Amino acid sequence: MKIHIVSNKQEISRMAADLIQNLIKEKPDAILGLATGSTVIGTYEELICRYQKGSIDFSEVRTFNLDEYYGLESTHPQSYHMFIRTRLFDHINVRPENIHIPSGTPDNVEKYCRFYEQRIDNLGGIDLQLLGIGVNGHIGFNEPAGELQPDTHLVRLSEETIKANARFFDSEKEVPKQAITMGVQTIFKAKKVLLLATGKEKAPIIERLAVSGITTDIPASLLKLHPHVTIIVDKEAGSLLPDDMLSFSERGVRE
Ligand code: GLP
């Protein structure tokens, strides 16, 4: 597993936006798998900027979000619906009918999860899945566990994730305890995967990911089996990586 290390967040956002822009140029109706969280905000800002300059057209692009907190209405300020709308969709020309975000309040969870999964498959599958990583190695909300669920499902959040995400809520108590997330197989079915990590709090998990085998204790490690994965980290998130695991980007350095 090669990990590209670049000098800072801006550089990661530019590289991620380059990959997305090139994909849309090649395939104007590409299907993007989108993530939420602070890591991807810069990428979305870069995409908005390029859209405003006329370099990207999202009019045919289809999107599927990774996850949503269970129990939160789409209008809740901390819902991932709200995040992606205010951070990206409100500023680009993606068509509302082409947007898919898991509902946090489905009537029948199992039926809804099956529907979400089938919708991805019926449209031909995700071309590029953008991912962040949790401090415990989760992708989407696939938490470390003895067994991982392949498809979109309802998951109980780990204490670590609830703590890490409490910063977005008024208190830890308000963080939902469950979420609906794409499963590891849903993510794995994407033709290409792009995982980003920034900041020193991600350094230990990036090091574990780099040196570990494939284990459900680090859900992101399953990506080692995927044929087209790109991992880009900034120098803080990459600060604990062994040298032989690094691929220095042309534009980046580790100091
Ligand atoms: C949440 C999301 C993940 C995201 C992770 C990291 O738990 N479910 O998809 O990767 O947070 O978030 P951040 O980028 O804010 O560190």
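How many Å separate an oxygen atom of the ligand from an N or O atom in the side chain of threonine 39? Select both and check: the gap is 2.5 Å. Keep in mind as you click around that this is a predicted model.

**Stop one: threonine 39**

Stay on threonine 39 for a moment. You'll find it in the loop between β2 (31-34) and α2 (41-52). Is threonine 39 buried or exposed? Its relative accessibility is 11%, so it counts as buried, the cut-off being under 20%. Now show what touches it. Beyond its neighbours within four places in sequence, threonine 39 is in contact with Leu196, Ala197, Thr198 and Lys202.

**Stop two: around the ligand**

Next, select the ligand and bring up its surroundings. There are 15 residues around it, and the closest are Ser38, Thr39, Asp67, Arg167 and Lys202. Zoom in on aspartate 67: an N or O atom in its side chain sits 2.8 Å from a nitrogen atom of the ligand.

**Stop three: the largest pocket**

The largest pocket holds about 460 Å³ of space. It is lined by 29 residues, and those closest to its centre are Ile133, Gly134, His138, Asn165 and Lys202. Which helix gives the largest share of that lining? Pick out α5 (residues 159-165), which supplies four residues. Colour the lining by class and you'll get eleven nonpolar, twelve polar and six charged residues.

**Stop four: leucine 128**

Now jump to strand β6 (residues 128-131) and select leucine 128. With 7% relative accessibility, leucine 128 is another one to call buried. Leaving out neighbours within four places in sequence, its contacts are Ile20, Leu23, Ile31, Leu32, Gly33, Lys192, Val193 and Leu194. Leucine 128 and leucine 196 are 68 residues apart in sequence, and their C-alpha atoms are 13 Å apart in space.

**Last stop: asparagine 65**

Finish in strand β3 (residues 62-65), where asparagine 65 lies. How much relative accessibility does asparagine 65 have? The value is 0%, so asparagine 65 counts as buried. Show its contacts, again skipping neighbours within four places in sequence, and you'll see Leu34, Thr36, Ile84, Phe89, His100, Ile101, Pro102, Tyr116 and Met182.

Notes: Residues are numbered from 1 along each chain as its sequence is written. This is a predicted model: local features need pLDDT of at least 70, side-chain atom pairs count only at pLDDT 80 or more; totals for chains, interfaces and linings use all residues. Side-chain values use heavy atoms; hydrogens and water are left out. On a 1 Å grid over the protein atoms alone, a cavity is a set of points where a 1.4 Å probe fits but cannot get out, and a pocket is an open set with protein on both sides within 12 Å along at least five of seven lines; lining residues have an atom within 4 Å of a point. Grid points are joined across faces, edges and corners, and a volume is the space filled by probe spheres set on the points. Helices (H or I, at least four residues) and strands (E, at least two) are DSSP runs, numbered from the N terminus. Ala, Val, Leu, Ile, Met, Phe, Trp, Tyr, Cys and Pro count as nonpolar, Asp, Glu, Lys and Arg as charged, and the others, Gly among them, as polar. Buried means under 20% relative accessible area, exposed over 50%, partly exposed in between (1.4 Å probe, protein chains only). Contact means heavy atoms within 4.5 Å. A residue is near a molecule or strand if one of its heavy atoms lies within 4 Å of it. A polar contact is a pair of N or O atoms within 3.5 Å; within protein, one must be able to donate a hydrogen and the other to accept it, and residues adjacent in sequence count only if both atoms are side-chain atoms.
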